[in-house]
Amino acid sequence: MHPTILATFFEISRTVVSTSSAGILLFLIALWAAKTDIARAGGLDKFVVFSNLCFAIPLAVFGAEHLSAARFIMLNVPSYMPWRLFWAYFVGFALLSASLSIATKIQARWSGLLFGIMMFLFVAMVHIPRVLASPGDRFAWTIVIREMSFAGGGSILAGNAMHGPGKSKLITVGRVLIAIAAIFFSVGHFLHPAACPGVPLEKLMPAWIPGRLLIGYLTGAILLVAGASILLARKTRMAATYLGTWIVLLVLFIYGPILIVQMSDPSTAVKVEGINYFADTLLFAGAILALASATARTD
């Protein structure tokens, strides 16, 4: 085998191992940290207490991906930025640190706030230029909205961990961003119901999943109703709880089997794709459940 091809193989294969290991490790840490809250919660509130867990696991996965595949990740850094490889590693360490902070709720206000700011910068520096270059690309718009919802989740986590006048402002910003994302994604599901549910991007649900179109339309309806309720601040906690729970169920019963199938594929690129789709949708669920957790029960 050519040395360059061999080096590339080990580089990408290391990414699969590191991202999977980081996700499993953070799952165990976050589960241990939330054990008391899980024992006390009842009904759908048991899903709400998993908000930090759902948010932290993807950050660990993406952090490990940045460190193990830094030379690939650096290609997404704008060309005008100096030290592109440095920024790939820097973001990797930042994501891993944030994942530990959010999972354990130690200094979560700072990790949530800084993660939110980082996502806003990604949108402004990376994704908006892509949208402007191809304004008719619906997937580019979907990614912008998705990243903004992640930033909103970070804002909510920071606000929920704070006291004072800034608390409600941060939560409100996050609430609006998540509502916009839910409504935007609902339209995508109605127009393209065969797309993988939750965040409708290029990937389609495999033919072996029963009731694909029904799942797509149902997800679109739930996103639309919950998004409108959240945007209008009417029954926000209930809407966020139901929507977040539905997205978690999609992660477990749609993206989970898809991930298992793709992990058995010999192509490393297919494995990484499965991991990324699983983690992205879980992070969206974490942002929504964080809103439910930050909203008063009297809402």
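This is a predicted model: local features need pLDDT of at least 70, side-chain atom pairs count only at pLDDT 80 or more; totals for chains, interfaces and linings use all residues.
User: How is the secondary structure of the chain made up?

Analyst: The chain has twelve helices and zero strands.

User: What share of the residues is buried, and what does the term require?

Analyst: Buried residues make up 51% of the 299 residues. The term requires a relative accessible area under 20%.

User: Why is the set that includes Phe55 and Phe284 called a nonpolar core?

Analyst: A nonpolar core needs buried residues of the nonpolar kinds listed for it, joined through side-chain atoms within 4.5 Å. The largest such set in the chain has 70 residues, and those with the most contacts inside it are Phe55, Leu59, Phe115, Ile254 and Phe284. Helix α12 (residues 268-294) provides the largest share of this core, 15 residues. A second, separate core has six residues, including Val123, Val131, Met148 and Leu177.

User: Which residues does Phe55 contact beyond its neighbours within four places in sequence?

Analyst: Among them are Ile102, Phe115, Phe150, Leu157, Leu283 and Ala287. Each of these counts as a contact because heavy atoms lie within 4.5 Å.

User: How do you know which residues line the largest pocket?

Analyst: A residue counts as lining because it has an atom within 4 Å of a pocket point. The largest pocket, with a volume of about 1,600 Å³, has 50 lining residues, and the closest to its centre are His66, Ile73, Asn76, Phe122 and Glu147. The largest share of the lining, eleven residues, comes from α7. By class, the lining divides into 33 nonpolar, nine polar and eight charged residues.

User: What is the make-up of the lining of the second largest pocket?

Analyst: The second largest pocket holds about 530 Å³ of space. Its lining has 21 residues, of which Gly23, Phe27, Ile57, Phe278 and Leu282 are closest to the centre. Helices α1, α4, α11 (236-263) and α12 each give two or more residues to this lining. By class, the lining has 18 nonpolar, three polar and no charged residues.

Note on methods:
Residues are numbered from 1 along each chain as its sequence is written. Side-chain values use heavy atoms; hydrogens and water are left out. Buried means under 20% relative accessible area, exposed over 50%, partly exposed in between (1.4 Å probe, protein chains only). Helices (H or I, at least four residues) and strands (E, at least two) are DSSP runs, numbered from the N terminus. On a 1 Å grid over the protein atoms alone, a cavity is a set of points where a 1.4 Å probe fits but cannot get out, and a pocket is an open set with protein on both sides within 12 Å along at least five of seven lines; lining residues have an atom within 4 Å of a point. Grid points are joined across faces, edges and corners, and a volume is the space filled by probe spheres set on the points. Ala, Val, Leu, Ile, Met, Phe, Trp, Tyr, Cys and Pro count as nonpolar, Asp, Glu, Lys and Arg as charged, and the others, Gly among them, as polar.
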